[in-house]
Amino acid sequence: RNFYYITMLRDPVSRYLSEWKHVQRGATWKTSLHMCDGRSPTPDELPTCYIGDDWSGVSLQEFTDCGYNLANNRQVRMLADLSLVGCYNLTFMNESERNMILLQSAKSNLKNMAFFGLTEFQRKTQYLFERTFNLKFISPFTQFNVTRAANVDIDEGARKRIEALNFLDMQLYEYAKDLFLQRFQYSKQEEHQKNRQKRREERRLLREQRVHQWQKEAAAAEIPVTEDYNSQVERW
């Protein structure tokens, strides 16, 4: 079978805050095996950020202070081929090389997906999805800008901290937004050209129908076609 891989990306700061609020309410990923190259990471490779059943009530400061929090650069990590960097083994290569490979892998996989959309551009996402898969949704997508993340009031220092923790996601998102808008613009231009060609074809068929209809009427009335009328049809 043919599988079409698609994904949605989100502004990294909003996504991070949303995950923090989700974890704060008691969400965990305990059942996730984090399989890579046929095995799960060891506790040393992937320590937990909390002790107990969950991380309920965690403050934003505590959330950002955990250096091995999987919320950091989650979008890059989930799109990249982790086997290229030794999975979760951070001693496999130096950090700068690891980051560069992860980012390039994530960009490459994103570009080669059948489709991806952006949470911040719901209508454009719907348009590209429908154009890509030749289908129509029964109702238009709605852009909700009031989310749990949007309701979090953070100062500039906290925002800069989150951006720094998600510096790979920030770069991926800028790349994705640029590629997304290019694809949207290209699809719009292609649609415009097709519609223009369709209108031209419709006008041509209409002219032919008029000529054919006049010829039938002229033949029925035994009226010869004059040169002046032919030139007038050409002008039409």
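Me: Is Cys 36 buried or exposed?
Reply: Good place to start, and keep in mind that this is a predicted model. Buried means under 20% relative accessible area. Cys 36 has a relative accessible area of 8%, so by that cut-off Cys 36 is buried.

Me: Which residue forms a disulfide with Cys 36?
Reply: A disulfide needs two cysteine sulfur atoms within 2.5 Å. The sulfur atom of Cys 36 has a partner 2.0 Å away. That partner belongs to Cys 87.

Me: What is the handedness of the disulfide of Cys 49 and Cys 66?
Reply: The sulfur atoms of Cys 49 and Cys 66 are 1.9 Å apart. The torsion about their S-S bond is about -80°, so the disulfide is left-handed.

Me: Does Cys 49 count as buried, partly exposed or exposed, and what is its relative accessibility?
Reply: Buried means under 20% and exposed means over 50%, with partly exposed in between. Cys 49 counts as partly exposed, with a relative accessibility of 21%.

Me: Which pattern do the disulfides of the chain follow?
Reply: The structure holds two disulfides. One joins Cys 36 and Cys 87, and another joins Cys 49 and Cys 66. With bonded cysteines counted along the chain, the pattern is 1-4, 2-3.

Definitions and conventions: Residues are numbered from 1 along each chain as its sequence is written. This is a predicted model: local features need pLDDT of at least 70, side-chain atom pairs count only at pLDDT 80 or more; totals for chains, interfaces and linings use all residues. Side-chain values use heavy atoms; hydrogens and water are left out. Buried means under 20% relative accessible area, exposed over 50%, partly exposed in between (1.4 Å probe, protein chains only).
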